[in-house]
Amino acid sequence: MYQVGDCVLYGVHGICRVVGTEKQLINRRRTQYLILQPLNQAESKFYLPTENPAAMAKLKAILSREALIALLASEEVHRDGWIHDENQRKLYYRELIGSGDRISLMRMVATLYRYRQAQEKAGRKFHQSDDNFLRDAERLLASEISLVLDLPPEEARDYLRRQLQRVS
């Protein structure tokens with residue numbers, strides 16, 4: 001279980017801090033909640049029922065510095081993961097963005113970097129939906145990189161790009 005003060009990755013919301021716990025009576029049942037506050041939105045809070053496996057599955061512990069660096073360099077991340085069917089790609093990417101699966105997110109970002117570069121070389125446009133998914137995935141990954149490596153957000157995004165384009 002997460003403790004007050006812990007930072008976690010929470011689905012599409014990115015890095016949040018556990019700011020408290022609270023029991024609430026809902027439908028005549030007392031339920032324990034974790035209270036999360038996004039690091040980049042101090043005015044927002046999320047209440048996660050701790051007894052709900054689907055809600056709790058969206059929480060991921062922050063990677064250590066060593067684990068993050070190793071993951072960015074891993075062969076698994078740099079494998080091609082292009083999905084040719086646009087509709088299948090959109091469905092998969094939409095699901096992946098909220099999953100917190102860093103390996104798959106990093107693979108998606110590296111794949112989209114390669115695809116965008118190939119499109120530019122061929123004089124074609126990069127699909128707007130792919131660009132949106134790339135931006136969302138970069139934001140999520142960069143928020144964790146920023147925290148773990150103690151980098152400003154823009155430097156974290158640049159670091160992510162350098163690491164994933166270096167081998168790609």
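How many bridges join β1 to β2, and do they run parallel or antiparallel? Four bridges join the two strands, which run antiparallel.

## Basis of the model

This is a predicted model, in which local features need pLDDT of at least 70, side-chain atom pairs count only at pLDDT 80 or more, and totals for chains, interfaces and linings use all residues. Residues are numbered from 1 along each chain as its sequence is written, and side-chain values use heavy atoms, with hydrogens and water left out.

## Overall layout

The secondary structure of the chain comes to seven helices and five strands. Helices (H or I, at least four residues) and strands (E, at least two) are DSSP runs, numbered from the N terminus. Along the sequence the pattern is β-β-β-β-α-β-α-α-α-α-α-α. The C-alpha atoms fill a box of roughly 60 × 35 × 30 Å, taken along the principal axes.

Of the 168 residues in the chain, 42% are buried. Buried means under 20% relative accessible area, exposed over 50%, and partly exposed in between, with a 1.4 Å probe and protein chains only. Contact means heavy atoms within 4.5 Å. Among contacts with a separation of 6 or more, 51% are between residues 24 or more positions apart.

## The sheet

The five strands form an open sheet in the order β4-β3-β2-β1-β5, with antiparallel pairing. β4 (46-49) and β5 (59-61) stand at the edges with a single partner strand each, so one side of each is left without a neighbour in the sheet. Neighbouring strands of this sheet are turned by 50° against each other on average, direction ignored. Two strands count as paired if DSSP finds at least two bridges between them. Strands of a sheet pair through backbone hydrogen bonds, either parallel or antiparallel.

Helix α6 (residues 128-149) lies across β1, β2 (14-26) and β5, and runs at about 100° to β2. For such angles, axes are lines fitted to C-alpha atoms, for helices over the stretch in contact, and the angles run from 0 to 180 degrees between N-to-C directions.

## Strand β1 and its cysteine

Strand β1 (residues 7-10) pairs with β5 in the antiparallel sense over three bridges. Leu 9 has Lys 60 as its bridge partner in β5, and Val 8 has Ala 61. On the β2 side, Val 8 stands opposite Cys 16. The hairpin of β1 and β2 has three residues between the strands, and Gly 11 takes a positive phi near 45° there. Cys 7 and Leu 9 point one way from β1, Val 8 and Tyr 10 point the other way, and all are buried.

The structure holds zero disulfides, a disulfide being a pair of cysteine sulfur atoms within 2.5 Å. The cysteine sulfur closest to that of Cys 7 is in Cys 16, at 8.8 Å, which is too far for a bond. Cys 7 has a relative accessible area of 17% and is therefore buried. Cys 16 is also buried, at 0% relative accessibility.

## Helix α4

Helix α4 (residues 86-97) has twelve residues and reaches 16 Å from its first C-alpha to its last, close to the 16 Å expected at 1.5 Å a residue. The expected span is 1.5 Å times one less than the number of residues.

Which residues of α4 are buried? They are Arg 89, Tyr 93, Leu 96 and Ile 97. Seen down the helix axis, they fall within an arc of 95°, so they line one face of α4; the arc is that of the directions from the axis to the C-beta atoms. An α-helix has 3.6 residues a turn, so residues three or four places apart point the same way. What covers the buried residues of α4 includes α5 (102-121) and α6. On the other side, Asn 87, Gln 88, Leu 91, Arg 94 and Glu 95 are exposed.

Gln 128 is in helix α6 and counts as exposed at 51% relative accessibility. Its C-alpha is separated by 40 Å from that of Gln 3, 125 residues apart along the chain. Ser 146, also in α6, is buried at 15% relative accessibility. Leaving aside neighbours within four places in sequence, Ser 146 is in contact with Leu 151, Pro 152, Pro 153 and Ala 156.

Gln 165 lies in helix α7 (residues 153-167) and is partly exposed, with a relative accessible area of 38%. Gln 165 and Ala 110 are 55 residues apart in sequence and 6.5 Å apart in space, C-alpha to C-alpha. Beyond neighbours within four places in sequence, Gln 165 is in contact with Tyr 113 and Arg 116.
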